[in-house]
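Welcome, and thanks for taking a look at this one with me. Please have the sequence and the model open as you read.

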Amino acid sequence: MSRYVYSIVRCLPDPRTGEFVNIGAVAGDPVSGRWAVRQLSNTERIRRFAGGAALEAATSCLLALGEEIDQNQAALIEDEAEPLGEDWLAKLHRDHRNVVQFSEPAPIIADDPQEALAFVFDHLIIDPVTPSKERHVTKYDLRRNLREAFRQALVQESLIRTKVEIFVGARVHTPIDFAIANGRAVQLTQAWSFQLAQVEDVPLKVKAWGYALEQLRKGEEARVVDSAGRTSTINPNVDLQVVIAPPRTAQQRDAFEEAQQVFRNLAAGVHDLTDVSAVTSKAAELAQTLR
């Protein structure tokens with residue numbers, strides 16, 4: 001377990017009176033930058049107490065907070081940002097003094113942000129509808145673990161290309177999470193989480209991604225371009241790997257089965273995090289051909 005910090009998000013119909021109602025909370029690890037936000041599931045009582053305008057302001061604040069966390073976590077994967085720290089949460093507490101306010105940050109011991117939020121909601125906020133405490137593996141988690149696994153497999157850092165775009169033919173292109181490349185791409189790896197609440201969108205994204213890879217497999221001329229603008233050629237038979245967070249619910253399983261057909265047609269290897277070393281070991285082997 002690690003030290004996390006949290007702050008309760010409050011909604012005040014009139015800041016002059018000091019009367020407030022709790023609407024949600026934010027919690028995270030200021031060292032790793034793993035944060036999460038949660039809002040009360042039933043906001044009708046808040047609407048009656050604070051009014052629609054104040055509720056909308058508080059909800060918009062939580063949404064913006066979630067987007068800021070997502071953007072920071074995506075940037076962390078690319079080593080392009082520092083983790084959001086305890087000073088970030090303290091600044092939210094200092095700067096929000098109107099209809100939305102953050103309680104003074106306080107420490108809590110937990111295994112992950114979701115567990116910290118579960119404790120806060122169970123003991124300090126009381127949400128009548130409590131979500132599952134089972135932690136969901138996100139695409140961010142998959143990419144972070146993959147990046148670390150490439151390093152542990154001793155794949156040379158300069159060969160691990162991220163924020164990659166593959167261009168096939170004249171018009172088709174799609175993003176790829178990781179490419180092992182240096183003028184020539186020898187492996188492509190994509191992460192997909194099937195543990196999302198809105199999982200019905202995932203098969204559509206997989207099919208759009210798969211269409212570009214299908215054209216590559218058919219022999220269309222293609223190239224890989226990374227975030228630095230470096231271009232690598234790519235062979236139709238390039239090693240293609242997929243790392244997933246496996247489904248848990250019936251709806252998630254349906255989504256995975258639909259996506260799995262795309263993976264099969266592309267002859268892609270499919271692995272979960274317990275088997276990620278199979279991907280990175282192959283990457284290390286293929287990387288030797290680039291030296």
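The numbered points below go through a helix, a strand residue, a helix pair and some loop residues.

1. A word on the basis. This is a predicted model, in which local features need pLDDT of at least 70 and side-chain atom pairs count only at pLDDT 80 or more, while totals for chains, interfaces and linings use all residues. Residues are numbered from 1 along each chain as its sequence is written, and side-chain values use heavy atoms, leaving out hydrogens and water.

2. Let's start with helix 6, residues 201–217. Helices here are DSSP runs of H or I with at least four residues, strands are runs of E with at least two, and both are numbered from the N terminus. Helix 6 has 17 residues and reaches 24 Å from its first C-alpha to its last, close to the 24 Å expected at 1.5 Å a residue; the expected span is 1.5 Å times one less than the number of residues. Just after helix 6, Gly-219 has a positive phi of about 105°.

3. Which residues of helix 6 are buried? Among them are Val-202, Trp-209, Ala-212 and Leu-213. (Buried means under 20% relative accessible area, exposed over 50% and partly exposed in between, with a 1.4 Å probe and protein chains only.) The partners of the buried residues of helix 6 include strand 6, strand 7 (172–181) and helix 7.

4. Thr-174 lies in strand 7. Thr-174 counts as buried because its relative accessibility is 5%. Leaving aside residues up to four places away in sequence, Thr-174 touches Val-164, Glu-165, Ile-166, Trp-209, Ala-212 and Leu-213, where contact means heavy atoms within 4.5 Å.

5. Now for a helix pair. The axes of helix 5 (residues 139–152) and helix 8 (residues 276–287) come within 9 Å and cross at roughly 45°; these axes are lines fitted to C-alpha atoms over the stretch in contact, with angles from 0 to 180 degrees between N-to-C directions. On the helix 5 side, Leu-146, Ala-149 and Phe-150 meet Val-276, Val-279, Thr-280 and Ala-283 of helix 8.

6. Finally, two loop residues. Leu-154 has a positive phi of about 65° although it is not a glycine, and sits in the loop between helix 5 and strand 6 (160–168). Is Leu-154 buried or exposed? Its relative accessibility is 69%, so Leu-154 counts as exposed. Ala-267, also not a glycine, has a positive phi of about 55° and belongs to the loop between helix 7 (250–265) and strand 11 (269–272). With a relative accessible area of 61%, Ala-267 is exposed.
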